[in-house]
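Visitor: I would like to go through this model and hear the grounds for each label.
Guide: Then ask about the labels in turn.

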Amino acid sequence: MKIKNLTLVVCLLAALFGMSFQVSAQSAGGGNPEPPSPAYPKDLKTKILDVKFRDPRMLADVLRGLSSGAPYSQVQQNSEFKTITVRDFPENIATMEAALKRLDVLEDQPASLEVHIHVLVSSTSATDTSTFPAELEPVLKQLQGALKFPGYRYATSFVNRVRAGGEIEASASGDPLFPVAPKSKGPTYYQYKLRDIRLVKGTSDRQTIQIDRFNFGIRVPYMSRFDSLEYTDAGINTALTVHEGEKVVVGTSNSLDGAIVVVVSVKQIQ
């Protein structure tokens, strides 16, 4: 009897204050329980795959697309140890292994090129050509038949290596090119830049090299009529195509009492 009165009092209070009370069905043992966790598939296997050449992160992204997607299946990479750990059904693991063998290969490296730049000086007076490098003798004969200068002198050479698709930029200084500027009076300054050096397919057995832009500049010292050291600028700016191993006269630039001749050759190296 007392319990009924207590219940009546609670209901009256609830009505008075606008409150409602609800007994939790879950606490009372009723209602819907939380869904159970998916069962761990007994057929899942785990295997560690070694990565030799490529980035494990990129390869793992590809292998995830070959996963079964089953609960607890997994593809994890470790860049430090160069491994990919896979957990999946055996047939999916076999598919991922086969894909990894096709994808994890050494990337093709751009060809290495060796670029030679030779500087020759033609003169209105005869000069001794005995100091010419043997490799430039064919070029010398070509110049003697084309430019008609009585004298030619070898000045200097520059050698640079570059990956195909890259560029070369350098500067240097050397002895004066003309006798009007004694060695004690000032050096000759060189600056050159070759951009976008590419290997392309040629019509012959030899490789063809294209240089998108060849810039070669020289600052040549000379003594002015007031017996002071002055500089004159000479340069070549052009696009260039050469066959591998071929020596090409890129151009000439008149300066003082002769001409500066620039010869370029490119060869592929291992």
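Visitor: What makes β4 and β5 a pair, and in which sense do they run?
Guide: This is a predicted model. Two strands pair if DSSP finds at least two bridges between them, and 12 bridges join β4 to β5 (residues 151–163), so they are called paired. The two strands run antiparallel. Val121 stands opposite Arg153 in β5.

Visitor: Why is strand β4 called mostly covered?
Guide: Buried means under 20% relative accessible area. In β4 (residues 112–123), 12 of its 12 residues are buried, so the label holds. Both faces are covered: His116 and His118 are among the buried residues on one side, and Val115 and Ile117 are among those on the other.

Visitor: How do you know that β7 and β8 pair?
Guide: They share 11 bridges in the antiparallel sense, against a requirement of at least two, so the two strands count as paired. Gln191 stands opposite Gly217 in β8.

Visitor: Which strands form the open sheet, and in what order?
Guide: The order is β6-β7-β8-β9, with antiparallel pairing. The edge strands are β6 (168–174) and β9 (229–243), since each pairs on one side only. From one strand to the next, the twist averages 15°.

Visitor: What makes the largest nonpolar core a core?
Guide: Its members are buried nonpolar residues joined through side-chain atoms within 4.5 Å. The core has 30 residues, and Ile117, Leu194 and Phe214 are among those with the most contacts inside it. Its largest share, 6 residues, comes from β8.

Conventions:
Residues are numbered from 1 along each chain as its sequence is written. This is a predicted model: local features need pLDDT of at least 70, side-chain atom pairs count only at pLDDT 80 or more; totals for chains, interfaces and linings use all residues. Side-chain values use heavy atoms; hydrogens and water are left out. Buried means under 20% relative accessible area, exposed over 50%, partly exposed in between (1.4 Å probe, protein chains only). Helices (H or I, at least four residues) and strands (E, at least two) are DSSP runs, numbered from the N terminus. Axes are lines fitted to C-alpha atoms, for helices over the stretch in contact, and angles run from 0 to 180 degrees between N-to-C directions.
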